[in-house]
Amino acid sequence: MNTAAWDIQDHNAQKGIPAGQGVIEGNDLPYTTTAAAKKKANFDNRATADPESKCYLPGVPRITYMPFPFQIVQTPGQVTILYEYAHAVRNVFMGTPHLEGQLYWWMGDSRGRWDGDTLVVDVTDFNDETWFDRAGNFHSDALHVVERYTPIDRDHINYEATIEDPNVFTHPWKMSMILNRHTEKNFRLLEYECFSF
C-alpha cells in the first residue's frame, strides 16, 4: 500500500507514476560514484531497461512491495511465500545454512530464523539482473539482504530490509514499510501472467 514499486525514494507525480513518500531511512541511497552514474543511466532508459518490463522475476525485496498480493504459508522447517506476480514462489528454509559456492538466482537463497516473534530472513546468492524499483535503483550480484517480518497485530506486519552491496553502495542502508493483510471476503491470489511492454 505504497509507491515503492515505482521509486523507493520520495518522488513527484509523473505521467503514469503516482507521487509517493520513500521507504528508505533518510531517503538517501549511498551509491558509489560509478554506481550513481549507472543509476542515472538506468533511470534515463527505465521504460525498456527495467527488468520488470521484460517479465523477469523482480527479486528481493522488490517483489514484497509490488502492487500484487502474496500469501505466507508456514511449516516448522520452512516458510513459503506465494506471489501473485508471475506465479513466483519463494522458499525460506529455517535454521539451515546457505548453500556453498556462489549461486546467481533471481530471488536469491533465503534462510530464516526466529528472533522472538520476528521472522528474520537472510538472503544471498543473487544475480545482478533485478532492480529495487522502476526508477533504476539497482544492485550487483554481491547483494545481501536481511529481512525482518514483525507482526504488529492480526492484520499488519512491519517489514524491514537491510541492504548491503559493497560493489554498489558505500555502506548498508535500510527500508521499512507496513504490510497489510487483505481482509476482503473470499480474497485469494489470482493469476497474473506478465506480458513484456
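A pocket is an open set of points on a 1 Å grid over the protein atoms alone, with protein on both sides within 12 Å along at least five of seven lines, and its lining residues have an atom within 4 Å of a point. A volume is the space filled by probe spheres set on the points, which are joined across faces, edges and corners. The views show a predicted model, in which local features need pLDDT of at least 70 and side-chain atom pairs count only at pLDDT 80 or more, while totals for chains, interfaces and linings use all residues. Residues are numbered from 1 along each chain as its sequence is written, and side-chain values use heavy atoms, with hydrogens and water left out.

**View 1. The largest pocket has a volume of about 1000 Å³.** Its lining comprises 36 residues, and F70, I72, I157, N180 and R181 lie nearest the centre. At least two lining residues come from each of α3 (62-65), β1 (70-75), β6 (144-153), β7 (156-164) and β8 (173-180); these helices (H or I, at least four residues) and strands (E, at least two) are DSSP runs numbered from the N terminus. The lining divides into 21 nonpolar, eight polar and seven charged residues. Here Ala, Val, Leu, Ile, Met, Phe, Trp, Tyr, Cys and Pro count as nonpolar, Asp, Glu, Lys and Arg as charged, and the others, Gly among them, as polar.

**View 2. The largest cavity has a volume of about 40 Å³.** A cavity is a set of grid points where a 1.4 Å probe fits but cannot get out. A search of the whole structure finds one cavity of 30 Å³ or more. The largest cavity is lined by A5, W6, E52, R62, M66, P67 and R134, with four nonpolar, no polar and three charged residues.

**View 3. D50 and R62 form a salt bridge of 3.0 Å, N to O.** The pair joins the loop between α2 (46-49) and α3 to helix α3 itself, with D50 and R62 12 residues apart. A salt bridge is a side-chain nitrogen of Lys or Arg within 4 Å of a carboxyl oxygen of Asp or Glu. D50 is buried, at 2% relative accessible area, and R62 is buried, also at 2%; buried means under 20%, exposed over 50% and partly exposed in between (1.4 Å probe, protein chains only). A network of salt bridges links D50, E52, R62 and R134.

**View 4. K174 and E25 meet in a salt bridge of 3.4 Å, N to O.** K174 lies in strand β8 and E25 in the segment before α1 (33-44), 149 residues apart. K174 is partly exposed, at 23%, and E25 is partly exposed, at 47%.
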